[in-house]
Amino acid sequence: MALFCGTLAAAPRQITSLDFDWRFHRGDVPGILPDHSTNGNLAPTSEFLSPAYNDSSWQRVNVPHDYIVEGTFDPKADEAHGYLPVEPGWYRETISIPAADPDRRLWLEFDGVYRDSQMWLNGHFLGCHVSGYTSFRYDISEVAKPGANNLLVVRVDPTQFEGWWYEGGGIYRHTRLVSVASTHVAPRGVQVVANVSDPGDGVQADAQLQITTTLANDAATSDRATVLSEVLNAHGAVVATGQTTHPLAANGSFDFRQSLALSRANLWSCEHPYLYRLRTSVLVRGQMVDQITTDFGVRTIRFDVNRGFFLNGKPVKIKGTCNHQDFAGVGVALPDRLYAFRVQKLKEMGANAMRLSHNEMAPELLDACDRLGVLVMAENRHLDDSPEILGQLENLVRRDRNHPSIVLWSISNEEKEQGSELGARQGRAMVKLIQQLDGTRPVTAAMNNGIGHGLTGVIDVQGFNYHPDTYDEVHREFPQKPLIATEIAAAVGTRGCYAREPFTVPKDTAHYQGNPARCQVSAYDVNAPDWAETAESAWQAVAARPWMAGGFVWSGFDYRGEPTPFEWPAVSSQYAILDTCGFPKDVYYYYQSWWTDQRVLHIFPHWNWSGQEGQAIDVWCYSNCRQVELFLNGQSLGRKTMSRYSHLEWSVKYEPGTLSAKGFDGDGKVIAETRVETTGEPAAIVLEPDRTSLSADGADISLLTVKIVDAEGRTVPVATNQVTFSVTGPGHLLGVGNGDPVCHEPDKGSQRSAFNGLCLAIVQSSRTPGAIAIQADSPGLKSATAAIETR
């Protein structure tokens with residue numbers, strides 16, 4: 001049961017989470033659906049929609065919830081979606097709403113339900129929402145029962161896919177109940193536009209804020225309302241105010257427009273992501289009736305046809321990754337903390353941008369990009385001018401247009417009509433809509449063919465998915481069109497796999513290296529499908545062209561489904577820089593070498609090659625040092641000079657011991673050192689929680705890296721020991737993973753095998769403070785424990 005705390009009239013606006021204590025049933029419930037439907041909608045029996053129905057045998061769950069990830073892999077299920085079977089599901093939730101002023105309005109808000117959801121409240125049909133990615137709400141003011149329990153019933157049906165990747169199923173983002181007075185800020189009714197005429201030094205500049213606040217009056221009588229806008233700096237001090245009063249017609253709305261000066265504003269940038277907060281208060285007859293806050297940033301952006309992207313007047317090469325919304329242990333139902341974790345891991349690598357592929361993402365992801373200083377290309381799912389698709393696009397832009405991280409809207413990805421006149425017509429309608437809703441950002445489309453036709457004449461910035469051989473030609477033919485590589489690389493590699501057996505697959509004509517018997521591709525950067533490029537060649541093509549604004553690597557994190565180049569038993573992608581657990585592959589250090597100013601020196605592979613003594617092993621080095629010298633057991637194997645955006649190689653005859661490297665600057669001074677050692681056999685488990693203090697809110701998490709180590713504490717890079725987890729105290733094991741693209745062990749189990757020395761456990765707090773104890777055991781290994789406090 002979700003309890004609405006307090007009295008509805010006690011606060012201007014009340015927001016209550018509905019994330020907890022749902023009942024869930026996987027599959028349709030026998031006997032509750034008649035053979036006919038009403039207006040195209042399912043019509044469950046009245047008993048099922050009433051509190052009298054006995055759901056005590058149903059699973060008790062909290063949301064975000066992805067029930068598809070709880071399934072068992074099946075070779076008959078869809079390959080692109082990771083071989084996990086899909087079927088409908090039902091949810092029931094009892095909401096206790098206190099008695100209140102009858103003029104108040106009540107909304108149910110859902111940030112994401114996959115997909116084709118239908119909802120009933122107290123037996124009344126609320127509606128159907130088709131898209132599994134867009135946020136939506138229902139006004140329940142007329143059917144809710146204040147002062148009583150209210151039964152919400154939800155059916156989801158993920159069987160009709162929207163994409164060709166793992167999409168999950170269920171109420172997989174947050175949901176809430178909102179109560180407002182009859183006069184209130186309309187949903188998504190605040191827009192802040194910060195105009196800066198001269199960004200100056202790129203750190204501070206004078207700004208003029210254009211604020212539009214849409215008020216709604218749902219009462220049967222007219223009224224007069226005042227909008228008070230206050231701008232707060234990062235310390236909470238009010239630095240600008242504006243106040244406007246205007247009549248509101250009965251059952252009407254009005255756009256309040258204000259202009260506020262913000263002198264010497266701190267500019268939002270990747271290095272200094274400064275955020276302001278707008279506090280909007282609504283007053284009627286001197287009494288506050290509504291208040292909301294909106295975070296925003298002040299910055300300037302432009303795309304130059306010759307010099308690429310500029311942020312606050314300074315050129316910035318966009319170094320981005322494309323990402324779906326999938327993660328080990330949780331599927332698509334990511335806790336808020338995971339969004340920040342993923343953005344932070346990419347930023348540590350040097351990424352300054354993220355493409356949201358290929359749909360509206362969770363608000364918490366954009367909040368993380370705002371806070372951490374990561375540029376965003378926000379993308380709509382489909383190219384079309386139908387009311388449904390234009391509605392999805394409007395939803396995306398209205399919801400997210402105040403985020404300073406967003407610098408580019410994308411109307412589509414690799415759509416069939418992208419190069420046709422039909423596609424141009426559809427694109428024009430979409431671009432027109434974006435310009436009406438937000439004229440501050442340019443529009444692109446991620447095109448993989450038809451470039452020069454169709455959408456090219458419609459969009460502001462030409463997007464390329466692959467085909468670097470066409471960059472120069474398009475730049476010559478369209479000299480006034482800014483260009484960006486919306487998707488590059490798609491190199492494939494398995495973390496910790498260094499086999500180099502040549503093989504081919506029926507899917508394409510590329511020649512791969514790896515261990516095909518285990519559906520693994522080599523972690524050396526030598527593998528890409530025939531339509532893609534290696535990481536190195538893809539980035540070199542972007543970096544060498546100053547007029548190319550930047551590029552987005554496919555992809556940042558591996559995800560379930562799309563297991564190129566393999567099929568069953570492979571169940572997840574291998575395109576990414578980090579695996580599904582967020583463990584870096586070797587190529588992570590290639591990007592870190594050339595995307596950051598920090599000193600990087602990384603050599604691979606591991607040095608556990610028992611039985612291959614005397615055989616040649618290829619050793620690679622990623623580094624931004626000017627020169628690198630390699631050593632085996634103290635003996636120099638030669639010093640080599642690093643070319644920009646490249647790597648170094650040696651062929652080394654294997655002998656156990658220590659493989660080490662020294663990095664030198666241009667003056668011959670040692671500036672970095674690293675080593676890999678031949679380890680002993682697995683002897684113990686090590687648990688490394690990324691956080692040891694959590695909020696006791698039932699949602700916060702700690703990610704525990706699980707290492708299999710030898711007697712000297714070194715990670716054994718070939719270890720596959722199965723680890724069993726137990727959790728006691730006010731928390732639970734949310735999920736497990738290991739990054740193995742062929743692993744069929746359950747993400748929701750209490751065990752996980754290590755993959756090349758590592759696996760992951762995710763622990764989530766409860767709503768009771770206290771100490772959580774985690775223990776990890778494996779036969780023949782010393783156990784490990786970790787402690788986490790919740791407050």
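This dialogue walks through how to read several features of the structure shown above.

Biologist: Before I look at any detail, what kind of model is this, and how are its residues numbered?

Modeller: This is a predicted model, in which local features need pLDDT of at least 70 and side-chain atom pairs count only at pLDDT 80 or more, while totals for chains, interfaces and linings use all residues. Residues are numbered from 1 along each chain as its sequence is written, and side-chain values use heavy atoms, with hydrogens and water left out.

Biologist: How many helices and strands does the protein have?

Modeller: Helices (H or I, at least four residues) and strands (E, at least two) are DSSP runs, numbered from the N terminus. Counted in that way, the protein has seven helices and 50 strands.

Biologist: How should I read the radius of gyration of the protein?

Modeller: The radius is taken over C-alpha atoms, and the globule rule is 2.2 Å times the number of residues to the power 0.38. For 791 residues that rule puts a compact globule near 28 Å, and the protein agrees, with 28 Å. The C-alpha trace spans about 90 × 60 × 50 Å along its principal axes.

Biologist: What share of the residues is buried?

Modeller: Buried means under 20% relative accessible area, exposed over 50%, and partly exposed in between (1.4 Å probe, protein chains only). Of the 791 residues in the protein, 61% are buried.

Biologist: Which residues does Q243 touch, and is Q243 buried or exposed?

Modeller: A contact means heavy atoms within 4.5 Å. Q243 lies in strand β17, residues 238–248, and is exposed, with a relative accessible area of 59%. Leaving aside residues up to four places away in sequence, Q243 touches T226, V227, L228 and Q258. Q243 and S281 are 38 residues apart in sequence, and their C-alpha atoms are 9.5 Å apart in space.

Biologist: What covers the buried residues of helix α2?

Modeller: An α-helix has 3.6 residues a turn, so residues three or four places apart point the same way. Helix α2 (residues 363–372) is mostly covered, with seven of its ten residues buried, namely P363, E364, L365, L366, A368, C369 and D370. Their cover includes α1 (336–349), β25 (353–356), β26 (375–379), α3 (387–400) and β27 (406–413). Just after α2, G373 takes a positive phi of about 80°.

Biologist: Which elements do the buried residues of α6 pack against?

Modeller: In α6 (residues 535–543), seven of the nine residues are buried, among them W539 and V542. The buried residues pack against β24 (318–323), α5 (471–477), β30 (483–489), β34 (548–554) and α7 (587–595).

Biologist: How many aromatic pairs are there in the whole structure?

Modeller: Rings of Phe, Tyr and Trp (its six-membered ring) pair if their centres lie within 6.5 Å; planes under 30 degrees apart count as stacked, over 60 as edge-to-face and the rest as tilted. A search of the whole structure finds 40 such pairs. One of them joins F464 and Y471 edge-to-face, at 5.1 Å centre to centre with 75° between the planes; F464 is buried at 0% relative accessible area, and Y471 is buried at 1%. Another pair, F604 with Y622, is tilted, at 5.3 Å centre to centre with 40° between the planes. F604 lies in strand β35 (residues 601–604) and Y622 in strand β36 (residues 616–623), so this pair ties together parts that are 18 residues apart in sequence.
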